[in-house]
Amino acid sequence: MKPVIGLEVHVELKTKSKMFCGCSADYFGQKPNTHTCPVCLGLPGALPVPNKTAVEWCVMLGMALNCNIPLFSKFDRKNYFYPDLPKGYQISQYDEPFCLKGNIKLDSGKTIGITRVHMEEDTGKLIHEAVDGQEVTLIDFNRSGVPLVEIVTEPDFDNAKDVKEYLQKLQQIVRDLNISNADMEKGNMRLEPNISLRDKQQEINKKLPDYKVEVKNINSFRFAEKAIDYEIKRQSEILQKKETPVQETRGWDETKQKTVTQRIKEEASDYRYFPEPDIPPIRWYESKLNEIKSQIPELPDEKSNRFKKLYSLSNDDIKILIKDKDITNFFEEAVKIGKKHNLTPKQIANHIINKKINPSDLLPIKLIEKIISSSLYEDVNLDEIKKIVKEIIKSNPSSLEDYKNGKTQVMDYLIGQVLKKIKKKIDINTIKNILKNELQ
Amino acid sequence: MNYSAYTIKELKTSLKKKHFSSENVVRDCIQEIEDSKHLNAFITVCKDEAIENAKKADKKIKDGIDQPLLGIPISIKDIYLTRGIRTTAASKVLDNYIPQYSATVVEKLEEAGAIIIGKTNCDAWAHGSSGENSDYGPTENDYLEGYVPGGSSSGSAVSVSADMAFVSMGTDTGGSIRLPASFCNVVGLKPTYGRVSRYGIIAMASSLDSIGHFTRYVDESALVLSITAGHDPKDATTPKKNVDDYESYLKKDIKGIKIGLPKEFFSNGLDTKIKEKIEKEVNSLESRGAKVEIISLPNTEYAIACYYIIQPAEVSSNLARYDGIRYANDRTHFTDEAKRRIMLGTYVLSSGYYDAYYKKAMQVRTLIKNDFDEAFKKVDVIITPVSPAMPWKIGEKVNDPLAMYLSDIYTVTANLAGIPGLSVPIGLIDGLPVGMQILGPHFSEGRLFQIGQAVEDSGL
Amino acid sequence: MKINVKHVAKLASLNIPENEEKKFENQLNEILSFIEKLNSANTENIETTSQITGLENITRKDQASSSLSQDKALSNTKSKHNGMFKVKKIL
């Protein structure tokens, strides 16, 4: 039995305003219901007007995922009732989304198909609490109307590890495009895997199993991997008994570390999609699409390949260097400067990685200076220096007395003695620090 | 003192000259409303606010400030949101709703100096052609006791007809301004879809709702449109197109204007007395130089079926927000007609039925639109009756929803095509008013006013 | 086409009392029969019209504007707690 996994990811865009109104989209941590207006609160008579930046960012993401951008697109209403959905419908995209048929390549070379990337609006937030002894649900609409991009993959995954890699790659792309922080903890990236298993025959015929299980409430990539592995195990046990797992939505229970039944879907929801009459459709012109494409910065895969070619670094080193934009820029700046001083990219990379350099602490040129000065010194084992320092102090008992009495110039004398003995070029500061320690 | 003899222009002149004050006029209107309570034209009367605002207007007039409707009392259909003033949509669902904001059009009218005298009664949620579907009781036609005033903007039409206000704002989704205008002897304008902002007006059918108004005279209708028309960044269906100088079309010669009479609108089913009156009117226009020809709008027979799929579908979605959580009473407060339309709409959009109903209706809509596009290549305007029948007695059709829907036969096509329509009074038949409809291409309201005024001047 | 009032009412979150189901079913079926008229319209190769304005690409600039105050947002609800709307617990 082989797993068949598809993934649905929602990414919250970090636009200034919401998808269909001017309320601030920066809702995290704000007092409840202070970022609402007639539109996102679903008041009578309110009308939506799409956010230009959000639409362009959705297309940009689709392009980064090698999608086809149809020249004609529109919004549709997805009708259903739920307390966090103020209008009783969500403005989304149904049959003519912004982006279609893309793909993303995993490190192994495997290609994951992207079915579609489309635009929709977020719902309000529900909080379950006890108020005056009664169990109630409280609703905060600050999040209602925040722009969401939905990325749906083909059911091309067959293991949890690949899913994790995909999520990391997608997160990196989204961050590099600077359209979202894609922070799972803050809820600006959410994911829902669909998992089922199929037998050899179905695999050969490229047929999908006749059931699938959706898993919700996964709050980290790590849990995504665990939840998928758990589901694969749970489902294969059922299938081994010659039974079919129930088609349902399950929730990941963090404490119990298992998936649990949430609600059984008796029938597929009838969302009664129809074209959104309040919003005219979108027609793209090639010039505009080219303009959006030109705004796409160098993406992780591209960058990785370039680094390999240019700097001859290991894959692991590259991964670390390209993860954070600031570190990447810092590194490349440092390499430029370092070249003039005959420093290799590898040396610079080592320094940044091993010494965990924080780019906001110093300028690239300072790093170069540091590396140069540290390489003027020979590599000596700290223990060796300590041993010699101890010997020097032993053979200079009066120095200890003088130092304790405040005669700090004795330090210089002692440093000189250490250097003489060690007969190697060492950073004076290193010796000084060890001496200070030993003299306490 | 009764000010109904004054036109708005004359009122403004008199107010400027201090013959009387805005407060006088407002108080007179309020008295009229109270004396005509039995007509049930209003749901909310803003007595104190109106008098307060009238006083403010009088001060402005004294200071020499001039605004297009300064000091003039107007009424507004109770589906327009008015900040701080109860807005019910004539439904018990919104019985106690106090809006947190005002419709764009309301703000524009207030900026033009108009005094809001009250919110008028209508069919609940604008669902109706007679005014009988209001949860606050039917409105009565002031021409004949016990007869319907037409709907859904029933109270709006009556408020102008019975001198309770000089202008009333309404909405027209399938004829809801033109029909009551015709039944109440007033001028009713349905502008081009998108010409006037829908922001802040409770949506009935989003792709069909047109925001218009009632006045006694055609020139006053032009004045109001020049205030309400225009692009609104809050309504994505309003184009940036310039607002025409409507008043420049008034008193213009109609020589050479081509008028089309669609044969499908003058066949069986049309009351012969209404037909005669229209023919008389058209002859008069012809005698003044207009050219008349018979045209065809072949897909007219599908209009009602098309409309009664698209409209309920959009209604079912637009009314989904009334769940009683953030405002309003819960959905158990919906009454029968609303329930019917919601269910009908839900059904035609539901899985398995979308293609057969909704998609088909959208295609037929294209056919109807094309009919008008073709017609307007040959003629400048189209003249038709507004209603196949005269106003009926209250209660006569309430138990037959379908019969009620069929009264929209001459009006729904304009909404499906998005074109503007002006209903002008052409006299009385057995004591009840009858109106005639003038239709034109998108954004041709000026031309409609031109013909409308010619009809007004015919004195028939 | 016979309409299933119970099913449609559920989808529409409406409660139709049992004793009224038949009435609505009759009325709606009558209307649906009338609507069947559309079937005789020839719509082969005819595009759908969902937007009558002909407008396209209407968007707004991404800038934040003011929101309603918390009080205003909650001003019309009968059930609230700590600045939030309150409903019966959702399972």
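**Strands across chains**

Tutor: Ile139(A) stands opposite Phe85(C) in S2(C). Strands (E, at least two residues) and helices (H or I, at least four) are DSSP runs, numbered from the N terminus.

Student: Before we go on, what kind of model is this, and how are the labels assigned?

Tutor: This is a predicted model, in which local features need pLDDT of at least 70 and side-chain atom pairs count only at pLDDT 80 or more, while totals for chains, interfaces and linings use all residues. Residues are numbered from 1 along each chain as its sequence is written, and chains are lettered from A and ligands numbered from 1 in the order in which they are written.

Student: Which strands of chain A and chain C pair over four bridges?

Tutor: Two strands pair if DSSP finds at least two bridges between them. Here strand S8 (residues 134-140) of chain A pairs with strand S2 (residues 84-88) of chain C, in the antiparallel sense. Leu138(A) is found opposite Lys86(C) in S2(C).

Student: In what order do the strands of that open sheet run?

Tutor: The order is S7(A)-S8(A)-S2(C)-S1(C), four strands with antiparallel pairing. Strand S7 (125-131) of chain A and strand S1 (80-81) of chain C are the edge strands, and each pairs on one side only.

**Contacts between chains**

Student: How many residues of chain C are in contact with chain A?

Tutor: Two residues are in contact if their C-beta atoms, placed from the backbone, lie within 7 Å. By that rule, 30 residues of chain C are in contact with 39 residues of chain A. On the chain C side, the elements that give two or more residues are helix H3 (70-74) and S2. S2(C) gives the largest share, five residues. As for type, Ala, Val, Leu, Ile, Met, Phe, Trp, Tyr, Cys and Pro count as nonpolar, Asp, Glu, Lys and Arg as charged, and the others, Gly among them, as polar. The chain C side divides into eleven nonpolar, twelve polar and seven charged residues.

Student: Which helices of chain B give two or more residues to the side that touches chain C?

Tutor: In that interface, 45 residues of chain B are in contact with 39 residues of chain C. The chain B elements in question are helix H9 (303-318), helix H10 (336-349), helix H11 (355-378) and helix H12 (401-405). The largest share, ten residues, is from H11(B). This side of chain B has 25 nonpolar, twelve polar and eight charged residues.

**Strands and helices within chain A**

Student: Is strand S1 of chain A mostly covered or mostly uncovered?

Tutor: A residue is buried if 20 or more other C-beta atoms lie within 10 Å of its own, exposed if 12 or fewer, and partly exposed in between. Strand S1 (residues 2-12) of chain A is mostly covered, with eight of its eleven residues buried. S1(A) pairs with strand S10 (residues 189-198) of chain A in the antiparallel sense over ten bridges, and Ile5(A) stands opposite Ile195(A) there. S1(A) also pairs with strand S9 (residues 147-153) of chain A, antiparallel, over five bridges. In S9(A), Leu148(A) is the bridge partner of Glu12(A).

Student: How are two packed helices described?

Tutor: The angle between the axes and the distance between the axes describe them. Axes are lines fitted to C-alpha atoms, for helices over the stretch in contact, and angles run from 0 to 180 degrees between N-to-C directions. The axes of helix H12 (residues 397-404) and helix H13 (residues 410-422) of chain A come within 9 Å and cross at roughly 145°. Ser399(A), Asp402(A) and Tyr403(A) of H12(A) make the contact with Val410(A), Met411(A), Tyr413(A) and Leu414(A) of H13(A). These residues divide into five nonpolar, one polar and one charged.

**One residue of chain B**

Student: Why is Pro262(B) called buried?

Tutor: Pro262(B) is called buried because 23 other C-beta atoms lie within 10 Å. Pro262(B) lies in strand S7 (residues 258-262) of chain B. Its contacts, not counting residues up to four places away in sequence, include Ile295(B), Leu297(B) and Ile382(B). Ile382(B) is 120 residues from Pro262(B) in sequence, yet the two are 7.4 Å apart in space, C-alpha to C-alpha.
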